[in-house]
Amino acid sequence: MFFRDIKGHIKVKESLVRMPAENRVSHAYMFVGPEGSGKFPLALAFAQYLNCEAPVNGDSCGECASCKKYSKLVHPDLHFVFPVVKTGEGASNPVSDSFIREWRDFVLQRKYFNLTQWYNFIGAEKKQGMIYTQESQEIIKKLNLKTYEGRYKVMIIWLPEKMHPTASNKLLKILEEPPAGTVFILIPDNPEEVISTILSRTQQIRIPPFSTEELKEVIQEEYELNDEDAWGYARLANGNIVSARDIVEGSEDLDFFFENFVFLMRKAYMRSLQELVDWGDQMSRLTRDKQKSFFEYCLRLIRENYISNLKEDELVYLTPKERGFSEKFAPFINDNNAFQMAEEFSSAHSHISQNGNSRIIFMDLILKIIILIKNR
Ligand SMILES: [Zn+2]
């Protein structure tokens, strides 16, 4: 991974590059920033840079023996720790290395990713993974290996908040007496869930979210999008590059949700009960995941329409199409009904999650919306 392959983050890159130059490489870093802000590729680029034999212009060379191994993630002094799941027979005590081949493929295929995508990649959508206790033995074992060829032994811990407390405590002990020549890079999505004693043992590097402009450029490089659509999607993604891709790739869903939201609101306003009953019937045949996504979508539109009444335009994240609809619709969502309406969509969401009867949940929701939309 090269610094130049990662969009934006100019100041972060400059400060990382200065560290070895000024002999200030710390033994433990924590890259702190929201999901989808590019923390992982930055950490990888930094690790590669630290070990590059001939860095040029603030980036690694890509030509030396170290860079070549880094490019395949097979450098013997590069170690990864990440959440894993228990899979079938004989794998009751998984550690990161049990999944190292999958991990390399996964990371090499994409620059930016999140935990759901990783679990999907290893076919563990329905499982709860973690960094299990026995991982700490692995860490100690790897630290005791002598540094083969690199200047630094680098251990990248992705999502340390997923560590079993026993493993966290062992890691803390290691960080209290850091082995020479080792650089830990911890990459949490939720640093407040990492035990504070570990937090205080690391040097924190703040990674800000991507700007809307940067996201727009990234998605326009990857997908054929006109400026207006790209702007709309980039704003929706809220600085998260993983969401930006999801939104573009799920834009068919987005259209579907939009049309159904508009239908529900219009027909509720007109009290077209029979049409709504038929609609509820159809919607209840979607998969539960899709029904939940629909309710999440509705919640977002309610929130954005409510906020747009406050005329704080910058806060509103809507696609051009949604914006067009909102010009007339927003006044219908106000102090009299916005909170209750949001409440109805989120309780429908939780009832679906608890396996409630979809038809009844939709019917109930329809009746509530009819009443609430009239309460303007
Ligand atoms: Zn190099």
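Let's start with a pair of strands: β1 (residues 28-32) lines up with β4 in the parallel sense, over 3 bridges. Keep in mind that this is a predicted model. Within that pairing, Met 30 stands opposite Leu 186 in β4.

Strand β4 has a partner in β3 (residues 153-158) too, and those two run parallel, joined by 6 bridges. Leu 186 turns up again here, as the bridge partner of Ile 157. Here are the two pairings of β4:

| Strand paired with β4 | Bridges | Residue paired with Leu 186 |
|---|---|---|
| β3 (residues 153-158) | 6 bridges | Ile 157 |

How do you get from β3 to β4? Helix α7 (residues 165-176) belongs with them: β3, α7 and β4 make a right-handed β-α-β unit. Strand β4 (residues 182-187) is largely enclosed by the rest of the structure, because 5 of its 6 residues are buried.

Now for the greasy part. The largest nonpolar core has 49 residues, and those touching the most other members are Phe 31, Ala 43, Ala 47, Ile 156, Ile 185 and Ile 187. Helix α2 (residues 39-51) gives the most to this core, with 9 residues. Leaving out residues up to four places away in sequence, Ala 47 touches Leu 78, Val 154, Ile 156 and Ile 185. Another core, of 25 residues, lies apart from that one, and its members include Met 265, Leu 276, Ile 302 and Ile 369.

Is His 75 buried or exposed? His 75 has 22 C-beta neighbours inside 10 Å, so it counts as buried. You'll find His 75 in the loop between α3 (65-71) and β2 (78-81). His 75 and Lys 153 are 78 residues apart in sequence, with 9.6 Å from C-alpha to C-alpha in space.

Definitions and conventions
Residues are numbered from 1 along each chain as its sequence is written. This is a predicted model: local features need pLDDT of at least 70, side-chain atom pairs count only at pLDDT 80 or more; totals for chains, interfaces and linings use all residues. A residue is buried if 20 or more other C-beta atoms lie within 10 Å of its own, exposed if 12 or fewer, and partly exposed in between; C-beta atoms are placed from the backbone. Helices (H or I, at least four residues) and strands (E, at least two) are DSSP runs, numbered from the N terminus. Two strands pair if DSSP finds at least two bridges between them. A crossover is right-handed if, with the strands pointing away from the viewer, the path from the first strand over the helix to the second runs clockwise. A nonpolar core is a set of buried Ala, Val, Leu, Ile, Met, Phe, Trp, Tyr and Cys residues joined through C-beta atoms within 7 Å. Two residues are in contact if their C-beta atoms, placed from the backbone, lie within 7 Å.
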